[in-house]
Structure formats: structure tokens, C-alpha cells
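This briefing covers the pockets, the nonpolar cores and the aromatic pairs of one protein model. The sequence and the structure are shown first.

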Amino acid sequence: MTSLRDRVLAQVDDLREETAAFTVEMVRIPTVNPPGEVYEDCARLIGDRLARFGYEVEYLAAEGRPEHTSLHPRVNVMGVRKGGGGGPVVHLNGHFDVVPAGEGWTVDPFAGLIKDGRLYGRGTGDMKAGLASAIYAAEALRRAGVGLPGTVEVSGTVDEESGGFAGVAYLAEQKRIAKGRTDFVIIPEPHGPGRICVGHRGVYWFEVTTEGRIAHGSMPFLGTSAIEHMGHVLEAVRSELKPALLERVTEMPVDPPDARHATINVNALEGGQSRQEVQTPCVADRCRAVFDRRFLLEEGFDRTRAEVVALLERTASRVPGLRYQLRDLMVVHPTRAPQDSPLIAALDRSIRAVVGKPATFIASPGTYDQKHVARIAGVADCVSYGPGILELAHQPDEYVTLDDLAAATRVMALTLLDLNGLS
């Protein structure tokens, strides 16, 4: 007799072309962020497909968020397919916004071209293929006649590329994803069929402004250059902070390995008359720098910020007249799913069955919407798993292979069975 798993996998294989075709449909809707183009069109496409597959569908506009405007409405979609009772609520979430295509493409970035086993287009890996994979993994169970005791939820959300505050964060604030309501969350970011991403580093973006005194450029000794003072700050970051960060290594399996260290990057720098077309002879009285500090789970935010303050104070104490302002821009705390999570165990078993070897566990050097699931929704059992190659995200000629798409769909379908005790 054919086993339940075999029936489900056979359905995944039968749906292979349909899964790819739905990915193409999403890619052809250019949901570019910024500014947030045609979000509602893509939300409706996803919602119509979910309704056809037996979900109760709801459209959730991010009312009250500053990003949500009449010109660029932030419309999310969520489908719920209730089970027979007694099983978990598994939420499959994918963002459908994409970064601008940029230059250097050899194919149309929004055509969804399939060639030589690859599906090309902006947002294929990051992450419309992952969203299609999640939807069709659950659909394979339905077409195989599997009645799950638990509930399957699918959400397509906006603005992940700009922080996710009108997307997953909004759903969490509205309790659509919430501890006590949601048991497990899978976010199908492009890590490949054999890898599970269990968390990410933290982010501290901050702005330092040095204040000088304006004077005539022919008599700079009568003024104080804010740019020169910023130079002292930058040198302190380079010679004091960076070497200290290089010594710190997280136990989290961050990939690539160099990102297991704490890091800092100067994101932007401007001062004086940098934005003026016609120069005038002035000493710069202001200079601004934006820093991108990635901190480790072991460091924590309070220690990270205190270290920056101490560095600025030391620099000011040894440079006469140096005055500065520090402004916090964004804080994202690091997160990690519990090592003993049933979700991780189920995905690992499914990967072994499909890929033929144990899962590789990684953590992200950047962040993704797990941050909102963990901190706002309070759901710890959340990981990222999906088709694609992470290094191709945001690159020209971004693509996902059809084999990866099929394999990840097989893994997610088996994982849904496993979590519901039907494997």
C-alpha cells in the first residue's frame, strides 16, 4: 500500500509546474520597495489562490502606519484553513515586496523567465518562490486527501525589505500571529533545501553628529571644523572599536563565518556643504555619520550602546572642543529559536528524508521577520526555511532553480505532516 508520505510527495511532484507557474505570476507583479508598488495586486493574487485552496481569506491594510498611504497602500493577506481539532496552528509567512531591480540584468527582471531549469526574476529567491513553495506544500496535503488535525495559516506580507513594520510586525500587533494562538512559524527565506536558519544577529543603527563653529574658509583658525572632529570619531571606531569587535565570536552558526564576529560599518557620511551645487568659503559647522553595528546574542543591546557612548566620551575628552550628539535610529535584538524546538526537529527529519542528509543549521548575518515573530508575537518556535540561494538575493539575474523549489516544497509538506503527528 502507498504510504501517506508517498501520497503527499507524489502530489508535490504533480504540482511542480503549477508551483513554478504561480511563482512566475507573482514575479510579474513588480512589488518594488521602495516605494511599495502594486502591493494590493499581489495580495489579491495570493488571496485568490488561497481561497481556491479552501482558506478563509482576509486582507489586512496596515492602518495607522505612516508607510500606509493612498498612493502606496500597505495591504497584507492572510488565509486560514482550519483543521479537525487537537493539532497545532502552523503559520507559513512570506513577504512579497522586492528591492529595486538595479542594473546589470541580462534578462527582464519582471518577466519570470524559465530557462535551463532556473526561474529568473527579481524576488524569485527573496522570496516569492518561498511563498509559492509554502502554499503548494499545504495544497499537496489537501489534494492527497489528508485531513490535518491542526490549522494551516498562510500570510503574504509587505515591507520586509524596509523593516517589516507594516507587514509581519503589524500582523503581530493585531494578534494574527501571537503566543497562545500560533504554535509554529516558518518563513521561507532563500537558504536552500538542506539548511535551516534558526535566528539572526542584532542591529543597532545610530547617528553621530559633530558640531563645530562656522567661519570664513580663508581663516579656518577662527572656526572649528565639525568634519575634522568627525575624523577623530571615525579613527577611534577604526583603531579602537573594530579590533575589539573582531575578538568577539558568537556561538550561533552565522553564515558566512566572518559574520560570526561583531561588526560595524559606516553607512553614510556628510558634512559642510556636501549637498550644495555652489560652494561658499565656510568652515563646516556640522558633520553627520550613520553607523550600522551588528551585535551578537552574547553582547546584548545595553552593552553594545554603552560601548559606543564610552568611545565617544573618550574621544571627546582628548580632542579639545569636540562636541557630539548621539541619536538611536533602529534597534533589532538578536533572536534564536530554541535548540529543542519541535519545529526544528520536524524540519530536520523532513530534510533527511528528502535531501538524504541531516540539516545544516545556520543563522543570518542580517535580520528578517523572525524578529517580529519572536519579540512582538512572542512565538519562539520560528525558523526560516525555503528554496533559493541567499547570495543571489538583491543581485542582477536573481534566480531559483526548479529543483530547489520542488525539494523545499517536499520538505515543508512532510514537516506539516510531522508537526501534526501524521508522519
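The model is predicted: local features need pLDDT of at least 70, side-chain atom pairs count only at pLDDT 80 or more, and totals for chains, interfaces and linings use all residues. Residues are numbered from 1 along each chain as its sequence is written, and side-chain values use heavy atoms, with hydrogens and water left out.

**Pockets**

- A pocket is an open set of points on a 1 Å grid over the protein atoms alone, where a 1.4 Å probe fits, with protein on both sides within 12 Å along at least five of seven lines; lining residues have an atom within 4 Å of a point.
- A volume is the space filled by probe spheres set on the points, which are joined across faces, edges and corners.
- The largest pocket has a volume of about 670 Å³.
- Its lining comprises 25 residues, of which Glu 160, Glu 161, Gly 366, Thr 367 and His 394 are the closest to the centre.
- This lining divides into 10 nonpolar, seven polar and eight charged residues.
- The second largest pocket holds about 210 Å³, and Gly 271, Gly 272, Gln 273, Asp 285 and Arg 286 lie nearest its centre among 13 lining residues.

**Nonpolar cores**

- A nonpolar core is a set of buried (under 20% relative accessible area, 1.4 Å probe, protein chains only) Ala, Val, Leu, Ile, Met, Phe, Trp, Tyr and Cys residues joined through side-chain atoms within 4.5 Å.
- In the largest core, of 76 residues, Ile 46, Ile 135 and Tyr 385 touch the most other members.
- Helix α4 (residues 124-143) supplies the largest share of this core, 10 residues.
- Another core, of 24 residues, lies apart from it and includes Tyr 204 and Leu 322.

**Aromatic pairs**

- Eight aromatic pairs (ring centres within 6.5 Å; planes under 30 degrees apart are stacked, over 60 edge-to-face, the rest tilted) are found in the whole structure.
- Tyr 204 and Phe 301 pair edge-to-face, at 5.2 Å centre to centre and 80 degrees between the planes.
- Phe 295 and Phe 301 form a tilted pair, at 6.2 Å and 45 degrees.

Conventions
Ala, Val, Leu, Ile, Met, Phe, Trp, Tyr, Cys and Pro count as nonpolar, Asp, Glu, Lys and Arg as charged, and the others, Gly among them, as polar. Buried means under 20% relative accessible area, exposed over 50%, partly exposed in between (1.4 Å probe, protein chains only). Helices (H or I, at least four residues) and strands (E, at least two) are DSSP runs, numbered from the N terminus. Rings of Phe, Tyr and Trp (its six-membered ring) pair if their centres lie within 6.5 Å; planes under 30 degrees apart count as stacked, over 60 as edge-to-face and the rest as tilted.
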